[in-house]
Amino acid sequence: MPSVLLEIPYEGDHCAPCVYMLETAEEAMAAFGDRVKLDLLYLRRKDSALRYKTLSLKMGKPAPIPSLFINGKMYFDYIPPVEEVQEKIRGILASGD
C-alpha cells in the first residue's frame with residue numbers, strides 16, 4: 001500500500017504560521033488513516049535541521065516558513081486549504097509516487 005510522508009519545517013509552538021500549517025496537515029491527513037505520516041522538522045534539533053537543509057538544497061534556497069513537503073517535494077509555501085492538501089495526497093496515493 002503506498003504511503004505519503006508530510007514534512008513541516010517547524011520553528012516551535014511560538015511560530016503561528018508553523019502551528020497553522022500543522023493544524024492544516026493534521027486535519028487533511030485524518031481522512032487517510034495510516035497511509036499518511038507526519039514529521040515535524042524542529043529546526044532546533046540537529047537531525048531535523050539536517051533534513052531541512054537537505055530539502056532546501058534540493059530547492060536551491062532555504063525552504064520558507066511555513067512550508068509543506070510531501071514525499072520530499074515542496075508543494076506548499078503558504079498555508080493551503082485542507083481540501084488542497086487532501087487533493088495532493090489523493091493524487092500521490094493514486095499514482096504510487
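**Notebook: a threonine, a patch and a salt bridge**

I began with threonine 24, which touches Ile79, Pro80, Pro81, Val82 and Val85, leaving aside residues up to four places away in sequence. A reminder to myself: this is a predicted model.

Next I looked up where threonine 24 sits, and found this residue in helix α1, which covers residues 16–29. Is threonine 24 buried or exposed? Its relative accessible area is 10%, and the cut-off for buried is under 20%, so threonine 24 counts as buried.

Then I turned to the surface. Which residues gather in a patch of negative charge there? I noted Glu23, Glu26, Glu27, Glu83, Glu84 and Glu87. Helix α1 supplies at least two residues of this patch, and so does helix α3, residues 82–95. I picked out glutamate 83, one of the patch residues, and placed it in helix α3. Glutamate 83 is exposed, because its relative accessible area of 54% lies over the 50% mark.

How many does the structure hold? I found 1. Arginine 51 pairs with glutamate 7, and their closest N and O atoms are 2.8 Å apart. This pair links distant parts of the chain, 44 residues apart: arginine 51 lies in helix α2 (residues 46–59) and glutamate 7 in strand β1 (residues 4–10). I also jotted down a general point: side chains of opposite charge can pair when their charged atoms come close.

Glutamate 7 is buried, with a relative accessible area of 2%, whereas arginine 51 is partly exposed at 28%.

Definitions and conventions:
Residues numbered from 1 in each chain as written. Predicted model: local features only at pLDDT ≥ 70, side-chain atom pairs only at ≥ 80, totals over all residues. Heavy atoms only, no water. Helix = DSSP H or I, 4+ residues; strand = E, 2+ residues; numbered from the N terminus. Buried < 20%, exposed > 50% of the residue type's maximum accessible area, 1.4 Å probe, protein only. Contact = heavy atoms within 4.5 Å. Patch = residues over 30% accessible without salt bridge, like charges linked within 9 Å, V, L, I, M, F, W, Y side chains within 5 Å. Areas by Shrake-Rupley, 256 points an atom, 1.4 Å probe, with all protein chains shown as cover. Salt bridge = Lys/Arg side-chain N within 4 Å of Asp/Glu carboxyl O. Lys, Arg positive; Asp, Glu negative; His and termini not counted. Charge placed at Lys NZ, Arg CZ, Asp CG, Glu CD.
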